[in-house]
Structures are given as C-alpha cells and as structure tokens.
Amino acid sequence: MPPEAVDGTPKILEARGITKVFGGLVAVNSVNFAIPERAIISLIGPNGAGKTTFFNMVSGLYKPTSGSFVFGGTDVTRLGAHQRARLGIGRTFQNIRLFGTMSALDNVLAGMHTRLKSGVLGSILRTPGVRREEEEARERALELLRFVGLRSRETFAKNLPYGDQRRLEIARALASEPKLLLLDEPTAGMNPQETARLTQLIGRLRDERGISILLIEHEMRVVMSISDRVTVLDHGEKISEGSPVEVREDPRVIEAYLGTARTG
Amino acid sequence: MATTQEAKTGGSTLEGLRASSWSSRIAVAIIAALTVLLLVQAVREPGQFTSQLLIGLTNGAIIALIALGYTLVYGIIELINFAHGDNFMIGSFVGVTVLSGTFLGLGFFAPIDASSGAALKVFGVLFALVVAMVVCGLVNVGIERVAYKPLRNSPRLAVLITAIGMSFILQNVGLAWKDASQIPFPSLVSNANILAGVTDEVTFRWKDLFVLAVTVPLLVALSYFIRSTKQGKAMRAVAQDKEAAAMMGINVNRTISVAFLLGGILAGASGVMFGLFNGTTVFDVGLRQGLFAFTAAVLGGIGNLTGAVVGGILIGIIGSMTDQYIGVRWTDIVIFTVLILVLVFRPRGLLGDRSAVQGGGGE
Amino acid sequence: MASPGASLKRFGLPAGLILLALLFPFINEVLGANLMFPVIVVAVYVMLALGLNIVVGFAGLLDLGFVAFYALGAYVVGWFASTHFSGVNFSFLSALPTSGSLPGIHVSFWVLLLAAGAFAAFWGVIIGAPTLRLRGDYLAIVTLGFGEIIPRFFVNGDDIFGYNLTNGTVGIKGIDSPGIPFVPSRGWQQFGTLDLNPWYYTILVLVLVTVFVNIRLRDSRLGRAWIAVREDETAAAAMGVNLVTTKLWAYALGATFGGFAGAFYGAFIKSIFPTSFSFNVSVLILCMVVLGGMGNIYGVILGAIILQGTNFYLLPQINIWVHDIGTALSSPFLANVDIPKYNYFLFGAILVAMMLLRPEGIIPNRQRQEELREGDEDDSATEITGAT
C-alpha cells in the first residue's frame, strides 16, 4: 500500500507532541504520530529509544508530560488505562503479563471484562441474563483461543509453553474487542516457524477483523513484511517515517542502528 | 541515603504541590489554620505553649529513635517491620529488669532506685541502656533471620503478615514476662525544672534534658556510621539497588542484618528512655508507640533517615499540643488521622521517600 | 461434571454439612453437650472471616482494620434497638411487646440487620475510596489506622461537644432481642436467653447466605476481575478493569458482612463495649483466613472453627490439664498459670508458621497456592498503576 493512500484514510489514533520526562531524563521528545484505520504500523529503534514508554503512554499506563492523544475522534489524554481499553485500545506486554494462576480460558474471559455487563447483584442471583451472557462469553473465548491456535484451555497460564503464552496474551487482548491493538515485541523468543505463524496471524487481524495494529518489533523481517508504515524512534525522537522500503534506505536510520543494531 | 535525599527535597515538594493541587491547597489551608490557632495560644499563654513544645520535642526524640528503625528496614527491604514497636517494649522491659538487679529469680545486685547514690544512678541508667540496646539489636536480627529472610522473594503482604505474627509473639513474651499490669520504673532522673531559677512560666525538666542528651549522640553516631563507614556505605548501596550492590561484592544478607541491628539498638535505647521518662511501661505499649513512630517515619518520608527524625519530632509536638489544647483522650485519634492523611495524600512524606531516588524509569 | 464422584463432591459434601448444621441443636441436646452458645459465637466469626476473605482472599487487599465494620454493625443495633437515646421515643416493628412505652429507639432487628450491612458498606466505601490507590502494605496500615480510630471514637463518643453518642467505655446495654412476629412459638416471637435455637438458626441462615454470596461472587465477572487485579494490576487495567471500583466492591462487600455479623453479635450479647473491637480481633479474623487458606471458602470456615474452638474449648481445657499436672507435681507455677491469656501468642505463631511453612493454608485455593509459592518479587505492577 503506497503511503499516500494511507494518509488519505481516517486516523484511528493521533499523537500530538508527546513528551515524557522521567526525573530530568527525556524518554520521549515531542513525537507526532498517527495510525490510520486498518493499518499495521511498526515502531522501531535501538534499545532505549523510548518505544515501550511511548506504548505505555498510548495504552494509558503513563501520563505524558505534555502532548495529547486523540483516539477515534476523542481526546483520551486524560483517561486511565481501563478507560482506554473500554474505548478500544488493547495491548500485550513485552515481558508477558498474563494472569498466571488463571486458566487460559479465564484469562480470555478476564480480557472480556469491559464487554460484559453483569452487575454484582445479578451475579449473586445469577439471573437468566447473566447466565446467558456468561455462556456466550465462554463461547467467544473458546473461539478466540481457536483463532490464535491455542488448544489448552484449563491449564494455568504460567504453565503454558512460551509461544502459547504469547498467543494467549494476544487472545486476551482481542477479547476486549480493540479497534487498536498494541503488540510489544510479540515474536520475542519465538523460533522461525512460530514467528512466521504469528506474522500471518497479525496480518489476519487487520485483514479479517479490521483492527489497526501498532507493533514494536526487533525482528526486521517481520517489520518489513507486514508493516504498512514504519516509524523510527531514537533517543526519544522520531527520526524517520515512511514505507518499509523508504525507512530501510533512510541514512539517519542506518546511522542510528549502526553499532547498536540487534541482529535481526 | 541522606545525601541524595537532600538534593531531591526541594524539587519533589514542588512537584507534589503541582501534581495534586486541590487537595494540597486544602491541606495547606488546614495546616495554616491550625498553625494560626496554635500561635494564638502561644501569644495568650507563651509559658504553657513553650513547655508543651519542649515536652513534644522530648517525646518526639523517643519516637524518632523508633521511627529510624522502621525507616532503616523499609529503606532496604521495603518491609514494614510491624514487630518493631514490640521490640521497643522489650527494650523497656529489659531496662526495668536491669535496674531491678534481678533476673530469672536471681538477684545480681541491689535494685537501683531513687534512693541510690548519684554515681550508681548514672551507672545504672547507662548500663540499662547498653543492655537494652544489645538485647533489642540481637532480637531484631534474630527475628529477621527466622521470620523474614526465608520470605525474601515472597509477595510483600506475606512478609507483612509474618511481621504482624512476630509482633503478637513478642507482645505475649512481654505478657508472660511481666504480666499485664503497668510496670513502674524507678525514678532515677529528676523531675525538677531546670529553669526553676530563671522562670516559672516554662518547664524544662532534667528528664527532658536526659532524653535529648541520649538521643543526640545516638543520632550523630548513626549519621557517622551511615555516611562514613564501609558498612554504612554498603547499606546505602543496597538500599539503592540490591542486585547491583550484590554484583559489586557487597554482602546483601549481612547488610540487611546490620539494618535490623541498628534499628533494634535504637529501639532498645528508646524503650529505656520511654520508661524512665514516663515512669511506667506495659506489655502492649508497643502497638501504640510503634504506630506513632511509623507515622513519623512516613511523615518524614519512609526510607529517609533525616525524615524519620523530623517526622518523630513533629509527631511528638503534634501529640503534646493535642494533649494540651484538645484533650489527652483525642491524641491517639489525631495522630492516627495524621497517619492516614499522610499515607493517602502524601505517601512520599515531607522530605521524599527512597523510591523518589530511584526515579520512575520504563519497564 | 457428569461423573458421580464429581457431583457427589460438588453437592454431596455441602448438603451433608448443611444437614449436620441443621440437626446440630438436636445433637447437642441429645449429647447434653451444652455447646450452643460457643457454636453461635463461632458462627459469627465464620461470617466475619468469610467477609474478610472477600477482601484478603479474593481481591488480595490486606485489611488490618476489619473489626471496624464489625463494631459499626454492632453499634447500629446498639443505637437503634435499646434505651440508649432516652430522649427519643420511637418504635418500629420491634419484637418487644412493651417497646412503645419504653424510652429510646426500638427498631426491628431485621431492619437493623440490613441497615448495619449498608452502614458498614458505606463506611467501607468512605475509607476505601481514597486509600485503594495505595500500595498493598500502605493500604494495610491505613486500614489499621481506621481500625484503631473507630473503637477509640466509641470510647470518646460519650462526650462529643457534650453529647453522649456512644456511652463511652460503659458501652450500650440492654439491646433488644429480635423476634419473628406471627410465629406460634413464643421463643421465636422474641428470642430469649434460655432457648438459643432461634439465635442459632438465624446465624446459620446468615452464614449460608454469606457462603452463597462468596461462591457466586468468586465465579462471576467481578470475581475474575479481583483475581486479575490481585495478580497484576497493570495488566488488569490494560484489559479494561477499573482498579478502584473493583477493589471498592471487594471492600464494600466484605464490610457488609462485617456489619451483619456485628449486628447479630450486638443483639445476641445484648451489650457492646468499645474494648470488644480491638486490633486483636482484626488479627484473629485475619489469622482465620490465613490458617484456613486465603480465597478458599471451606478453608476459611475451617480456620474460623479451629481458632474459635481453640479459644473457647481447647485452651481452657489445656489450662485445666496443666493445673492438674501442676497440682500433682506440687508446682505452684503450673498450678496457677493462666494459659488462655496467651492465646494471641498462639495466633501470632500461627501467622508466622503458616507464612513460612504453608502460606496457602490448610485447604488451599488452587490459584493462591501457585501465587504464594512462586518467587515473585515484581512490584512494578502496583508502582506503575499508582501513577495513573
């Protein structure tokens, strides 16, 4: 997809002048950034470039020192993480953060939290409405587990193999029915086959479910093969942006990566 | 710890004010109003006010020594050592036992009391202090070894529950040792007013001076230890980053033990002074006094040694002012309210806690 | 689920236990065991422990001031079902036949039971709302602070600008009994002190309701959110779980049961004093939850029964034995030692030993076992969300 076409589509997320300062250290410096609908955008950069910090600000775990986020036309800068999740920002974590002692199925059900309506009194009385909702939620959760290719349902999340944990985290994030999904190094620690399968899965999320994806990834083959656009951060600043091909040939990017690049 | 803290203080105070403007404005307004009310009292009866201020200072010194124990331990392993207040109680019990000259039914020497000679009194007080400091230091280290060390990698609340358990165990040791009634201390330090010849208005007793005369050298010694000795520097390193310190060859376990030892020593001294100052102690004094001291530690900024002393003195003064102007029976409620308000609205305390030093880096 | 073994375990065991509980007064009478009074008090503590279990076991919030809600519940009954407010003369559906002519407020126990739950929940929210953003250990200390303030307030409350709200250390005496009108039996129309059956069946129903609510909540959307928050606040927030309201629900629901238990206890004992609601009681209830198994409903019930059983039966019994031994050996120390006085030594030791040796409790909750056994030092979760 050529970049001009992307620019023409409506934006799901716009970040304006985002800055984050940690006790005098500027982690992210006035970054402007936009994610079009139904697009896969990759965020790359050397270690410590501020990618995860930026991620945490998008998902609402950190408040930016200055700047604002507009998500689907709403200013979400002041909203907390749970409110953004409700509006449709889902995420995974670089160092997997599943609910370790919940079963795989319960993890997905917990991810569905904002999409369920059962109240406290209804749950205590287990009204027909609550019962129906729980059954439907289970069905949908099982469907999601199948979608990401996970067979074990009752195993504790912490006892799943690594690759399955990554997949379960994606299923859990999908359960909140996100419009924008943030994936923080989803292929980290995976073997080439697993990586290929996951890359394909990410593509399907966009194509079949119409979800926009913001991806932090070190594996350049993944980035280059599925991204519609790539943004490069270095020392908290955006140094390049464009199609994968453009970014790959940008001299500033090459310079930033020289010596610090991880083998991809 | 202390040096890095001082640099931070100004910045973090401003930041805190900016971050929660409405609540801090209300807080500032309330504190200002209370200060004005106090000043009105100070002008109306300056003698009484100054006397209360001095009593607050003395009580505050006793509290500060306990608060240092909370803050030393929290600064290093982020544990609220709930049993610390009860260790303080053990200190006062050891003190009264030493002065009685009798232990386990064996009389070692005649009781040292008000009728003893001056030299014997001085010796007795010093001896009681030293024994209590040693015993409490060792008890604290022992508790850490037995009850906390095995849980170093457990969830924080598991260790806190253990600490509460240890608190009850110590309390019952006290109960079994001296029974449930109030235990009188011999009056070895004079109750007379030093300023009697100068003014009748202000009271500053010999025993107030005694408490300050014991506290100040202890604080100086602690400060020297932390700043200048190798072990003190190791403590600061472990407080900053346990793993990095271990990689630099610092013995983390020993450093943690030293923190408990120091805390225990100070609690022991505080316990004996408390007994001599108030003339009495009881097996469950540790809960109340410990909570006061914990409030002081949090008020000053937990993990911050200067903060613990400042907090201790503030709590002492708040207590003595409440005693005088609101009523003794409301003092506990006032101080527990301070505890809650500080934890809720300013958990980093007045001078900033240790986590402020670490900053809030990314994942 | 279809296998007979599983369904026996799922329905057979509870049904058996409920049957046993229903028949207990008859068993007690046949055996002449005279255990009604202690069993009723144990049941009150079972209820308290189940209430605290919601807070500590499900949501993972350490509450060291749970006794406050118990006290609030008891004082609601004390205020509105006694002659305390002697300046007023008000009666509403009271079981007392003479309530209309007595001074004070006399409201039906059943109304007050609900009011006590609501009042405790209200205070739970008031206390919880500002504090639940705090880190776990700070939260624990704040709850302890409230737990210490409330009984002291009741002590001092006999003179609030001259007004006697709580009658101070003397407490409130002569609390009205509950009663169920239109029942042919007089013992049920107004619960008496001789026939304890009405009291027993009342607390049994209350305990069963508590268990039922505990189970339903555990298996609900809210129950999942509690586990999620307990495990990883950051991830839970990123999944759309509102941390504050989720914790607040745990706090308020736990407080409600504390309030119910207090109301029942006040009416049953007929007089309440501030000293009945000390920090020790909070720790005792916590000890029940920890001993039985945090988060496990059967475990918590067992923990309450064991500890109150120890308090009421085992320690006095051991005391008698030790005294006998002391007399036989003519040791004045053993003959006169007061063992029940040291019960909190035992409770402290249980807390330490359980945390060191079996943190998951006697009957572990499957999830809690995994959590407590893992070497998870990661607290960054709470710290990050603290900033949001």
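Helices and strands here are DSSP runs, numbered from the N terminus, and a strand needs at least two residues. In this sense A:Ser30 has its place in a strand, namely β2 (residues 25-36) of chain A.

**Chain A: a four-stranded sheet**

- Four strands of chain A form an open sheet in the order β2-β1-β4-β5, and their pairing is antiparallel.
- The edges of this sheet are taken by β2 and β5 (74-75) of chain A, each of which has a single partner strand, so one side of each is left without a neighbour in the sheet.
- Strand β1 (residues 11-22) of chain A is joined to β2(A) over eight bridges, in the antiparallel sense, and along this pairing A:Phe22 stands opposite A:Leu25 in β2(A).
- In β2 (residues 25-36) of chain A, the strand that holds A:Ser30, the backbone has a feature to look at: A:Ser30 has a positive phi of about 25°, although it is not a glycine.

**Chain A: two domains**

- Chain A is divided into domain 1, made up of the segments 1-88 + 181-194 + 212-264, and domain 2, which covers 97-177.
- Taken over C-alpha atoms, the centres of domain 1 and domain 2 of chain A are separated by 28 Å.
- Where these domains meet, eight residues from domain 1 of chain A and eight residues from domain 2 of chain A take part in the contact.
- On the side of domain 1 of chain A that touches domain 2 of chain A, the residues divide into four nonpolar, two polar and two charged.

**Where chain A meets chain C**

- How many residues of each chain take part in this contact? On the one side there are 33 residues of chain A, and on the other there are 28 residues of chain C.
- Three helices of chain A, α3 (81-87), α4 (104-111) and α5 (120-125), each supply at least two residues of the side that touches chain C.
- That side of chain A, the one touching chain C, is made up of 13 nonpolar, twelve polar and eight charged residues.

**Chain C: overall form**

- The secondary structure of chain C comes to 16 helices and three strands.
- Chain C has a radius of gyration of 22 Å, which is close to the 21 Å that the globule rule gives for 388 residues, so chain C is as compact as a globular protein of that length.
- Along its principal axes, the C-alpha trace of chain C spans about 60 × 60 × 55 Å.
- Of the 388 residues in chain C, 51% are buried.
- Among the contacts in chain C with a separation of 6 or more, 73% are between residues 24 or more positions apart.

**Chain C: its sheet and one serine**

- An open sheet of three strands in chain C has the order β1-β3-β2, with mixed pairing, and its edge strands, β1 (81-82) and β2 (89-92) of chain C, each pair on one side only.
- β2(C) pairs with strand β3 (residues 104-107) of chain C in the parallel sense, over four bridges, and the bridge partner of C:Ser91 is C:His106 in β3(C).
- C:Ser330 counts as exposed, with 8 C-beta neighbours inside 10 Å.

**Chain B: confidence and one leucine**

- Chain B averages a pLDDT of 86, and 91% of its residues score at least 70.
- The pLDDT is below 50 over residues 1-19 of chain B, a stretch that has 28 contacts in the model beyond near neighbours in sequence.
- Residues 355-363 of chain B also have a pLDDT below 50, and this stretch has 19 contacts beyond near neighbours in sequence.
- Where pLDDT is low, the predicted coordinates should not be read in detail.
- B:Leu212 has its place in helix α7 (residues 206-228) of chain B, and B:Leu212 is partly exposed, with 16 other C-beta atoms within 10 Å.
- Which residues does B:Leu212 contact, leaving aside its neighbours within four places in sequence? They are B:Thr58 and B:Ala61.
- The C-alpha atoms of B:Leu212 and B:Asn59 are separated by 9.7 Å, although these residues are 153 residues apart along the chain.

Technical notes:
Residues are numbered from 1 along each chain as its sequence is written. Chains are lettered from A and ligands numbered from 1 in the order in which they are written. This is a predicted model: local features need pLDDT of at least 70, side-chain atom pairs count only at pLDDT 80 or more; totals for chains, interfaces and linings use all residues. Two residues are in contact if their C-beta atoms, placed from the backbone, lie within 7 Å. Ala, Val, Leu, Ile, Met, Phe, Trp, Tyr, Cys and Pro count as nonpolar, Asp, Glu, Lys and Arg as charged, and the others, Gly among them, as polar. A residue is buried if 20 or more other C-beta atoms lie within 10 Å of its own, exposed if 12 or fewer, and partly exposed in between; C-beta atoms are placed from the backbone. Domain bounds come from an automatic or database domain assignment. Two strands pair if DSSP finds at least two bridges between them. pLDDT is the predictor's confidence in each residue, from 0 to 100. The radius of gyration is taken over C-alpha atoms; the globule rule is 2.2 Å times the number of residues to the power 0.38.
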